[in-house]
Amino acid sequence: MPELPEVEGVVNSLKPVATGKTIEEVTLSTVLEVSRKAGKQAIIKGSELTHFKQELVDAKIIQIVRRSKYIYFHLEKNHKNLLLVNHLGMTGAWFYVHETHEITEEKFRKHIHVIFRLNDGMLLVYADIRRFGEMRLLESEEQFPPLLLMAPEPFDESARDHFLDMSKLVKYQNKSIKEVIMDGQVISGCGNIYATEALFRMNIHPARKVNRISQKRLSELFHTVVVVLNESILVGGSSISDYRNINGEAGGMQHRLQMYGKKQCPHCLIPTKQRVLGGRNSWYCPSCQR
Ligand SMILES: [Zn+2]
């Protein structure tokens, strides 16, 4: 699943090609139309498909920003602001091409679900192999309150204090630290990969209860999460599973991961262990992490 650094990579590759362009035509896949008729909302959430298409035609892309693990397309149409919020789910990817056959990887080319034809004649294509991604067309964030509950960006000055304050809440005190740092209301954008790595670097066992960790250690852990996220942004994210940026490029962070998916601890060389926490597989070293 793409985490903050991967989404940052997608946004950075989208910005130069899509900012300032106007959407002239919107095409949705048959799969989306059929699923809607069956009462399901595959990918496009909240609005009728015809409404989604009509609203987006002639909308100008003013700005593209990352917010936690979401991509925000700020749009303007008839002097009205619109916000298209996209989550890549497990396998969502964007491409900027003349024709869809230019998408070289078949697994993406076979799962194209949304196409925006832009006024430069190019196509902005959203492909999603497993269809866990989401697109939501809003007038503002307020229209979809879960967005307002997200923790500040981890690089914001207020983020560390927000994390420390949240970790004092009763509902988090008895939870495992791994579940808490992966909770988007506590820290924005830290998923399984980076939570695993940060805990390993800090020698903290992922199942350790929050109330068994000092404020000082929690503060250091927060700093480590930020360091790991930044390192990954610099190398273009991790290419575990199906992450691609808009040019079809994968990131390089997977070569730097020390614990996620590893059979052996790189420090003491004993076999790692795995444990499911909050529904996600957690790797840890039973000797280094306490
Ligand atoms: Zn170890």
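Residues are numbered from 1 along each chain as its sequence is written, and side-chain values use heavy atoms, with hydrogens and water left out. In this predicted model, local features need pLDDT of at least 70, side-chain atom pairs count only at pLDDT 80 or more, and totals for chains, interfaces and linings use all residues.

**Sheet**

Four strands form an open sheet in the order β1-β7-β8-β6, and their pairing is antiparallel. Strands are DSSP runs of E of at least two residues, helices are runs of H or I of at least four, and both are numbered from the N terminus. Two strands pair if DSSP finds at least two bridges between them. At the edges are β1 (23-28) and β6 (92-97), each of which pairs on one side only. From one strand to the next, the twist averages 15°. β6 and β8 (residues 123-128) run antiparallel and are joined by six bridges. Opposite Phe-95 stands Val-125 in β8.

**Zinc site**

Four cysteines supply the protein donors of the zinc ion: Cys-265, Cys-268, Cys-285 and Cys-288, each through SG, at 2.2 to 2.4 Å. Donors are N, O and S atoms within 2.8 Å of the metal (3.2 Å for Na, K and Ca); water is not among the atoms, so sites may look incomplete. The angles among the four donor atoms are 101 to 115°, and the site is tetrahedral (four donors with all angles between 85 and 135 degrees). Along the sequence, the donor residues follow the spacing C-x2-C-x16-C-x2-C.

| Residue | Relative accessible area | Class |
|---|---|---|
| Cys-265 | 0% | buried |
| Cys-268 | 30% | partly exposed |
| Glu-48 | 54% | exposed |

Glu-48 lies in the loop between β2 (44-45) and α3 (49-56). Its C-alpha atom is separated by 22 Å from that of Trp-94, which is 46 residues away along the chain.

**Helix pair**

Helices α8 (residues 192-201) and α9 (residues 215-234) pack with their axes 9 Å apart, at an angle of about 125°. Axes are lines fitted to C-alpha atoms, for helices over the stretch in contact, and angles run from 0 to 180 degrees between N-to-C directions. α8 and α9 are therefore oblique to each other (under 35 degrees is roughly parallel, over 145 roughly antiparallel, 65 to 115 roughly perpendicular, and the rest oblique). The crossing of α8 past α9 is right-handed, meaning that the near helix is turned clockwise from the far one by less than a right angle.

Methods:
Four donors count as tetrahedral if all angles lie between 85 and 135 degrees; four count as square planar and six as octahedral if opposite donors are over 155 degrees apart and all others between 65 and 115; anything else is irregular. Buried means under 20% relative accessible area, exposed over 50%, partly exposed in between (1.4 Å probe, protein chains only).
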